[in-house]
Amino acid sequence: MGGGGEGAAAAEGGSASRELDQTPTWAVASVCAVIILISILLEKALHHIGEWFTKRRKKPLFEALEKVKAELMILGFISLLMTFGQSYITKICISHAAADTMLPCRLKKETIDTEGDESHDVAHHHRLLSDTVVDLGVKRRVLMRGETGSSCPKGKVSLISMNGLHQLHIFIFFLAVFHVMYSAITMALGRAKIRGWKMWERDASSSDGEFSNDPSKFRFSHETSFVKQHTSYLNKVPVSFYAVSFFRQFFRSVRKADYLALRHGFITTHLAPGISFNFQKYIKRSLEDDFKVVVGISPELWTSALIFLLLNIHGWQTLFWISIIPLFTILAVGTKLQAIISRMAIEIKERHAVIQGIPLVQLSDHHFWFGRPHLVLFLIHLSLFQNTFQIIYFLWIWYEFGLNSCFHNNFKLLVARVITGVAVQCLCSYITLPLYALVSQMGSHMKKSIFDEQTSKALMKWRQAVKKKQGKGPNKSPSGSPTTSPREGSPKATQMNQLH
C-alpha cells in the first residue's frame, strides 16, 4: 500500500511529524475541549467584571473593560490572519543578501553538518533563530527541525519561516495576556494612592465652616503651610527649582497642604465657596476617566511598537533605549506636575494678600506645556505602553530563546532594563498618574466627572431640552410660555459649556 515507507518515516521523525489526519480523534477533541473551556471561562469572567462595574456605577471602568476586550479582539484577528496567511507568507521569497540584513542577532558563520546536528536541534528547540551554513563557499539557511521545506528556488529563502510565524503567534499571546495584567496593576496602584487622601477629605469637610466663622484665622498668604513648603530659597533659581521639583515626586509627592489648597481653589473657582463637595471621590472618578484613555492602544502606539521591532538591530541596543525613554519621560512629567504646584504657591506669595483660611490658587491652562493638560496624559499613556511593550518583549524572549540568548549578550544591562521597567510601572501607576489626576484639575476647564453619572445625565437632558425649545422659537416654548434658559456667562451656563 506504500504505507511502510511513510510509517518508517513517521517512526523515525517521531510523533511531531504526524498530520491531523493521522492524529487520534480523542486527542484532537481533548485539546479542543480544553481550549474552548478556558476561552469560555475567560469570557464569563470578563462579563461578570463588567456587570460588577455596572452595579457599582463605575462607567469609566466599564468602558475601559470594553476597550480592553476590543483590543483582545484585534489581537485575535491578527492571530487568525497570521494562521490563514502563513502558507502564503512562507512562499514569499527573498535573496540571501536581503535575509542577512538588519538582524536582531549576529549572523553565525560556521560549517555544520545538517545530518549530524539533528540531535542538537532537538535539545535546543525554540532556542535558535537560524544558522548559516557555509558549504563549498555558498551560504544556505538551515530550517529548524519540524518545519516544512521551503518552496523557494535555489539562492533564495522565505520572507518568514513557518517556525518564525509560530513564534510571532506566541508573542501576540503574550501581548494579550500581559496587557490585561499591567492594566489591572496600573489601576490598582492608582486607586491605592488616592485612597490615602480620604482622611484629608474628611478633615477638610469637617473644617469647611471653621475659617469663615473664626475671625482669628486671618493671616498673610506667605505664612500658610502650602506657600511655605513651596517658596524656599532653593525655588528662586530655575536650576534648583526644577531639581527640588524632581526629587519631591519621590518623597510625599502630594502633601496634605497641597491637597487642601488645590481642593479649595477648585471648589471656589468651579463651584461655590463653602459648598459640600467630596473632592477625593471626584479625583477618583477623574482617575478612572484617565485610565480609560491610558488602557487603550491607539494607532500611534501601534506605530511606535512597529518602529521598535524594525529598529531592534544587533549592536543598536534598541532594547536598552526603549527602557530608558519611558523612564526619562515619566520623570519629566512628574517634575512638571510638581513644578505646577510650586508655581501656584509662588503666585500666591507674590500677591501679598491677607487671607482667611486656605490660600486661593489661580487655575489656568498656562501652567501646562503649550497650555494643554491633555498633552501630559498622552505622554503618560505613551510611556506606559512603551514600558509595558518592552517588558512583554523581554518575557517573550525569555520563553522562546532563554536568558542566555543572543538578545541578552550583556546580562548586567538586562538586569538594569528589567529593574527600570518595574520601577517605571510602579512610579507611573502609584505616583505620576494620581498626581496628574489631581493637578490636571488646576486647568481652566472642569471635567464631566465632577458630577456623578445620574446628575450628569440629568443636566445633559436639561440642556438638550432647552436647545429644542430655543430652536422652536426665540422666546416661546411649545405651550406659549417663555423659555427659561441659563443666562450667557452665568456660572451654570459656563459649567454646561465646559461639560461639552
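In this predicted model, the count of aromatic pairs comes to 28. One of them joins W52 and F53, whose ring centres lie 5.6 Å apart with the planes at 55°, so this pair is tilted. The whole structure also holds two disulfides and six cavities of 30 Å³ or more. The points below take the aromatic residues, the cysteines, the annotated spans and the cavities in turn.

**Aromatic residues**

- The two members of the tilted pair W52 and F53 can be described by their accessibility as well. W52 has a relative accessible area of 44% and is therefore partly exposed, while F53, at 13%, counts as buried.
- F389 and Y393 make a stacked aromatic pair, with 6.5 Å from centre to centre and 15° between the planes.
- Helix α15 holds both F389 and Y393, which are four residues apart, or about one turn of the helix. Both residues are buried.
- F389 and Y393 also belong to one aromatic cluster, together with F171, F308, F385, W396, F401 and F407.

**Disulfide C93–C152**

- The sulfur atoms of C93 and C152 are 2.1 Å apart, and the two residues form a disulfide. The torsion about their S-S bond is about -95°, so the disulfide is left-handed.
- This pair links distant parts of the chain, 59 residues apart: C93 is in strand β1 (residues 93-95), and C152 is in the loop between β3 (138-142) and β4 (156-158).
- C93 has 25% relative accessibility and so counts as partly exposed. C152, with a relative accessible area of 14%, is buried; the cut-off for buried is under 20%.

**Disulfide C105–C406**

- C105 and C406 form a disulfide in which the sulfur atoms lie 1.7 Å apart. Here the S-S torsion is about 75°, so the disulfide is right-handed.
- C105 sits in the loop between α4 (96-99) and α5 (118-123), and C406 in the loop between α15 (373-401) and α16 (411-439), so the pair ties together parts that are 301 residues apart in sequence.
- C105 is at 8% relative accessibility and therefore counts as buried. C406 is at 37% and counts as partly exposed.
- With the bonded cysteines counted along the chain, the disulfides follow the pattern 1-3, 2-4.

**Cysteines C426 and C428**

- C426 has a relative accessible area of 40%, so this residue is partly exposed.
- C428 is at 0% relative accessibility and therefore counts as buried.

**Annotated transmembrane regions**

- An unreviewed UniProt entry lists residues 26-47, 68-89, 168-189, 291-313, 319-341, 375-398 and 418-439 under "transmembrane region".
- In the model, residues 319-341 are 100% helix and 0% strand, and the end C-alpha atoms of this span lie 35 Å apart.
- Residues 418-439 are likewise 100% helix and 0% strand, with 30 Å between the end C-alpha atoms.

**Largest cavity**

- The largest cavity has a volume of about 180 Å³. It is lined by 17 residues, of which Q317, L319, C406, F407 and N409 are the closest to its centre.
- Helices α14 (318-351) and α16 each supply at least two residues of the lining of the largest cavity. The largest share, three residues, comes from α14.
- By class, this lining has eight nonpolar, eight polar and one charged residues.

**Second largest cavity**

- The second largest cavity contains about 140 Å³ of space. Among its 13 lining residues, H179, S183, V294, L384 and T388 are the closest to the centre.
- Helices α6 (162-195), α12 (279-294) and α15 each supply at least two residues of this lining. Helix α15 is also the helix that holds F389 and Y393.
- The lining of the second largest cavity has six nonpolar, seven polar and no charged residues.

Note on methods:
Residues numbered from 1 in each chain as written. Predicted model: local features only at pLDDT ≥ 70, side-chain atom pairs only at ≥ 80, totals over all residues. Heavy atoms only, no water. Disulfide = S-S within 2.5 Å. Buried < 20%, exposed > 50% of the residue type's maximum accessible area, 1.4 Å probe, protein only. UniProt positions renumbered as here; feature names shortened; annotations may be inferred. 1 Å grid on protein atoms, 1.4 Å probe; cavity = no way out; pocket = protein on both sides within 12 Å on 5 of 7 lines; lining within 4 Å. Points joined across faces, edges and corners; volume = space filled by probe spheres on them. Nonpolar A, V, L, I, M, F, W, Y, C, P; charged D, E, K, R; others polar. Phe/Tyr/Trp six-rings, centres within 6.5 Å; stacked < 30°, edge-to-face > 60°.
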